[in-house]
Amino acid sequence: MGSTPECRGAWRSWITALAALAIYAFPHAALADPCEARVTGYKPGQSVAGTVRYVVDGDGLCIGPGADPKTWTEIRLADFYAPELLGAGGRDAKAALERLTSGKRLVCTATRGTGGRTYSYDRLIAVCTIDGQSLANSL
């Protein structure tokens, strides 16, 4: 059993599939953010405030009242666009947002995105201020 060409071919297929899974799935899992608060249900103009707990990329961050990621809301800055994290300039954009916001208190106001909703995927689409000044203008 397992010594026929058909069995060896089946095993090779399984090994190839597992290798592909390891290469393509796990790097993406490592990039997942820890923000867990629900972002649906916000109305345009509704605000959420909190301390920046985690910077996702150059135009996304998590704010929350404390150390528990279940209370952290992931924000997608509505008025600023940064390159994708793994693209050219993406890591620099994330670093710039980290320098500007880490540990600081933000007030973010929900706004509608291109689909008419105030959220996209697991992110609240919002315009944020830091010390009363536009975060996007500071970037």
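Visitor: Which residues of helix 2 are buried?
Guide: The buried residues of helix 2 are G90, A93, K94, L97 and T101. They share one side of helix 2, because they cover an arc of only 100 degrees around the axis. That arc is taken from the directions from the helix axis to the C-beta atoms. Buried means under 20% relative accessible area, exposed over 50%, and partly exposed in between, with a 1.4 Å probe and protein chains only. Helices (H or I, at least four residues) and strands (E, at least two) are DSSP runs, numbered from the N terminus.

Visitor: What sort of model is this, and how are residues numbered?
Guide: This is a predicted model: local features need pLDDT of at least 70, side-chain atom pairs count only at pLDDT 80 or more, and totals for chains, interfaces and linings use all residues. Residues are numbered from 1 along each chain as its sequence is written, and side-chain values use heavy atoms, leaving out hydrogens and water.

Visitor: Which exposed residues sit on the face turned away from the buried side of helix 2?
Guide: R91, D92 and R99.

Visitor: What do the buried residues of helix 2 pack against?
Guide: Contact means heavy atoms within 4.5 Å. The partners are strands 1 (47-57), 2 (60-64), 3 (73-77), 4 (105-110) and 6 (123-130), plus helix 3 (135-138).

Visitor: Where are C35 and C62, which form a disulfide?
Guide: Their sulfur atoms are 1.4 Å apart. C35 lies in the loop between helix 1 (5-30) and strand 1, and C62 in strand 2, so the pair ties together parts 27 residues apart in sequence. C35 is buried at 11% relative accessible area, and C62 is buried at 0%.

Visitor: What is the handedness of the link of C108 and C128?
Guide: Right-handed, with 110 degrees about the S-S bond. C108 lies in strand 4 and C128 in strand 6, so this pair ties together parts 20 residues apart in sequence. Both C108 and C128 are buried.

Definitions and conventions
A disulfide is a pair of cysteine sulfur atoms within 2.5 Å.
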